[in-house]
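Take a look at the structure below. Keep it in view while you read.

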Amino acid sequence: MHPLPYLAAYPDALRAQASALVDAGQLGAVLLRRYPDAHGIRTDKALYAYVQELKERYLRQAGTVSRVAFDSKIQVVQHALGLHTAISRVQGSRLKAKHEIRIASVFKDTPLPFLRMIAVHELAHLKEKEHDKAFYQLCCWMEPHYHQLELDMRLYLTWLKLGGERLWQSL
């Protein structure tokens, strides 16, 4: 059985299935069948528009997101695929928060559902700071297939870690 660092928290049966797909050389093919096309969001401006659309649809009352960008410095090794930061500053007698979302550049060349999964995850941090039950309920409300998409993204990261080629190329 291969080491599967991105799947460590999953049940043994699921990890065994993933390992069997890796051994058979089928993991990449399974992912390509499930998600045949990459998205067309390539610029930070397009990413900002996409995330704002999601925010307006699901989290109108949440704080304003001032910046959304792909970030090549986010390391998957650090177990981060995206970052939500809130910068607080004093403005007169009030405290003003400025929210920024950074998404790992690995998402530039993935299917749209993977990008949606990470965008939903980072947007959920506007309302819920901790990764608790309420946080994941919010993620599932915005993206009903959130957990399946997270698993599939982890399978893709496993594919890349074990030496597989990128499955989706830039348009």
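Predicted model: local features only at pLDDT ≥ 70, side-chain atom pairs only at ≥ 80, totals over all residues.

Begin with the inside. In soluble globular proteins, nonpolar side chains tend to be buried together. Here, the largest nonpolar core holds 49 residues. Phe107, Leu115 and Leu123 have the most contacts inside this core. Several elements give two or more residues to the core. Among them are helix H1 (12-23), helix H2 (27-34) and helix H3 (44-58). Strand S1 (65-71) and strand S3 (94-104) are also on that list. So are helix H4 (112-124), helix H5 (133-142) and helix H6 (146-161). The largest share comes from H4, with eight residues.

Now zoom in on Leu115. Which residues does Leu115 contact, leaving aside its neighbours within four places in sequence? The partners are His39, Ile41, Leu47, Tyr50, Phe70, Ile103, Phe107 and Thr110. One of these, Phe107, is itself named among the residues with the most contacts inside the core.

Next, turn to H2. Its buried residues are Leu27, Gly28, Val30 and Leu31. Look down the axis of H2: these residues fall within an arc of 160°, so they line one face of the helix. What covers them includes H1 and H6.

Which residues of H5 are buried? They are Phe135, Leu138, Cys139 and Met142. Seen down the axis of H5, they fall within an arc of 100°, so they too line one face of their helix. Lys133 and Trp141 are exposed on the other side of H5. The buried residues pack against H3, H4 and H6.

Take one of those partners, H4. Two packed helices are described by the angle between their axes and the distance between the axes. For H4 and H5, the angle is about 135°, and the axes are 9 Å apart. The two helices are therefore oblique to each other. H4 passes H5 in a right-handed crossing. On the H4 side, Arg116, Val120, His121, Leu123 and Ala124 make the contact. On the H5 side, the contact is made by Phe135, Leu138, Cys139 and Met142. These H5 residues are the buried ones listed above.

Finish at Asp23, which is found in helix H1. Is Asp23 buried or exposed? Asp23 is exposed, because its relative accessible area is 54% and exposed means over 50%. Asp23 and His2 are 21 residues apart along the chain. Their C-alpha atoms are separated by 8.2 Å.

Technical notes:
Residues numbered from 1 in each chain as written. Heavy atoms only, no water. Core = buried A, V, L, I, M, F, W, Y, C linked by side-chain atoms within 4.5 Å. Buried < 20%, exposed > 50% of the residue type's maximum accessible area, 1.4 Å probe, protein only. Helix = DSSP H or I, 4+ residues; strand = E, 2+ residues; numbered from the N terminus. Contact = heavy atoms within 4.5 Å. Arc of directions from axis to C-beta. Axes fitted to C-alpha atoms, helices over the stretch in contact; angles between N-to-C directions. Parallel < 35°, antiparallel > 145°, perpendicular 65-115°, else oblique. Left-handed = near helix turned anticlockwise from the far one by under 90°.
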